[in-house]
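Hello,

Here is the structure I promised to pass on. Please have it open while you read the notes below it.

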Amino acid sequence: KVFQSRKSAIRKSGVIHLFNCRSNNIPEYLKYINSSTTKMSMLINGLLSISRVGQNNYDIITLDINNTISDVIATIQYQVKQYRVDIKVDTLPECLANSNMLNQVFDNLFSNAIKYRHAKRKPTIHVSGKIIGDKVEYRIIDNGIGIKPEFTQKVFNIFYQLEPGKHTQSYGLGLAIVKRIIEELNGNIKLESEYGIGSTFIITLPSGNSPT
């Protein structure tokens, strides 16, 4: 009985202490819970996006990618103006692809170029393209912070983050989705980068003259 009474007293004391802690820190706890819930939701949505690539029916057409990129630039105008980003897009050759899927690809690449801009120079993005046989190659070049050579393959891995903890809305899923989309379109993407100088994403897709 003595043991039970002491155990009960300790339990009550612990509950009271916990209650007091919670009472004093409820706003902080709720903020943490909300942040964790939001992060988990974004992670789940990102993973679902990766898993759904290729599962839905989509049209592959001879695509004027110039229009697609113009649409992307229009949607990120706030960022472009806020950070005074200079975007130059050459006249690009057509490819065989899906407009919505490439819209997602270029939105991600442009947003990353702005997010990882160099602090000491004006951000620039240059998009060029050329036909190579039955393929078309697009290059998205920025003058951002760049990536060390040993990480250029890892950036396409799920959950890989270039600067963990610095960008709170980055969970290492964007480039994994981009890679999955490009591969679904029978293409390829790779990264060339020089740390401190900038990065070049190279996308290869079937050209508009390729047999469907």
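What follows is a short tour of the sheet, the aromatic pairs, the charges over rings and a few individual residues.

Please keep in mind that this is a predicted model.

**The sheet**

The sheet is open and has 5 strands. Their order is β2-β4-β5-β7-β6, and the pairing is mixed. The edge strands are β2 (86-89) and β6 (188-194), each of which pairs on one side only. From one strand to the next, the twist averages 15°.

β2 and β4 run parallel and are joined by 4 bridges. Here Asp86 stands opposite Thr124 in β4.

Next come β4 and β5. These two are antiparallel, with 8 bridges between them. Val127 stands opposite Ile140 in β5. β4 and β5 also form a hairpin, with 2 residues between the strands. Gly133 sits in that turn and has a positive phi of about 65°.

Then β5 meets β7. Strand β5 covers residues 135-142 and strand β7 covers residues 198-206. They run antiparallel, joined by 8 bridges. Val136 has Leu205 as its bridge partner in β7.

**Aromatic pairs**

How many aromatic pairs does a search of the whole structure find? There are 2.

One is Phe106 with Phe110. The ring centres are 6.0 Å apart and the planes are at 75°, so this pair is edge-to-face. Both residues belong to helix α4; because they are 4 residues apart, about one helical turn separates them. Residues three or four places apart in an α-helix point the same way, because there are 3.6 residues a turn. Phe106 and Phe110 are both buried.

Phe156 and Phe201 also form an edge-to-face pair, at 6.2 Å centre to centre with 85° between the planes. Phe156 is in the loop between β5 and α5 (174-184), while Phe201 is in strand β7, so the pair ties together parts that are 45 residues apart in sequence. Is Phe156 buried or exposed? Phe156 has a relative accessible area of 7%, so it counts as buried. Phe201 is buried too, with a relative accessible area of 7%.

**Charges over rings**

Two cases are worth a look. The charged end of Arg117 sits over the ring of Tyr83, 3.6 Å from the ring centre. The charged end of Lys148 sits over the ring of Tyr195, at 5.2 Å from the centre.

**The loop between α4 and β4**

Arg121 lies in the loop between α4 (99-115) and β4 (124-132). Its relative accessibility is 29%, so Arg121 counts as partly exposed. What does Arg121 contact, leaving aside its neighbours within four places in sequence? The contacts are Asn143, Gly144, Gly196 and Ile197. Two of these are also reached through polar atoms of the Arg121 side chain. The backbone oxygen of Asn143 lies 2.8 Å from one such atom. The backbone oxygen of Ile197 lies 3.2 Å from a polar atom of the Arg121 side chain. Arg121 and Asn143 are 22 residues apart in sequence, yet 8.3 Å apart in space, C-alpha to C-alpha.

Lys122 is in the loop between α4 and β4 as well. With a relative accessible area of 52%, Lys122 is exposed. Leaving aside neighbours within four places in sequence, Lys122 is in contact with Arg84, Asp86 and Asn143. Lys122 and Tyr83 are 39 residues apart in sequence and 7.9 Å apart in space, C-alpha to C-alpha.

**Two helices**

Asn66 is in helix α2 (residues 65-75). Its side chain makes a polar contact of 2.8 Å with the side chain of Asp64. The Asn66 side chain also reaches the backbone nitrogen of Leu92, at 2.9 Å. Beyond its neighbours within four places in sequence, Asn66 is in contact with Asp90, Thr91 and Leu92.

In α5, the buried residues are Leu175, Ala176, Ile177, Val178, Ile181 and Ile182. Asn186 follows α5 and has a positive phi, near 60°.

Best wishes

How values were computed: Residues are numbered from 1 along each chain as its sequence is written. This is a predicted model: local features need pLDDT of at least 70, side-chain atom pairs count only at pLDDT 80 or more; totals for chains, interfaces and linings use all residues. Side-chain values use heavy atoms; hydrogens and water are left out. A polar contact is a pair of N or O atoms within 3.5 Å; within protein, one must be able to donate a hydrogen and the other to accept it, and residues adjacent in sequence count only if both atoms are side-chain atoms. Contact means heavy atoms within 4.5 Å. Two strands pair if DSSP finds at least two bridges between them. Axes are lines fitted to C-alpha atoms, for helices over the stretch in contact, and angles run from 0 to 180 degrees between N-to-C directions. Buried means under 20% relative accessible area, exposed over 50%, partly exposed in between (1.4 Å probe, protein chains only). Rings of Phe, Tyr and Trp (its six-membered ring) pair if their centres lie within 6.5 Å; planes under 30 degrees apart count as stacked, over 60 as edge-to-face and the rest as tilted. A charge sits over a ring if NZ of Lys or CZ of Arg is within 6 Å of the ring centre and within 35 degrees of the ring normal.
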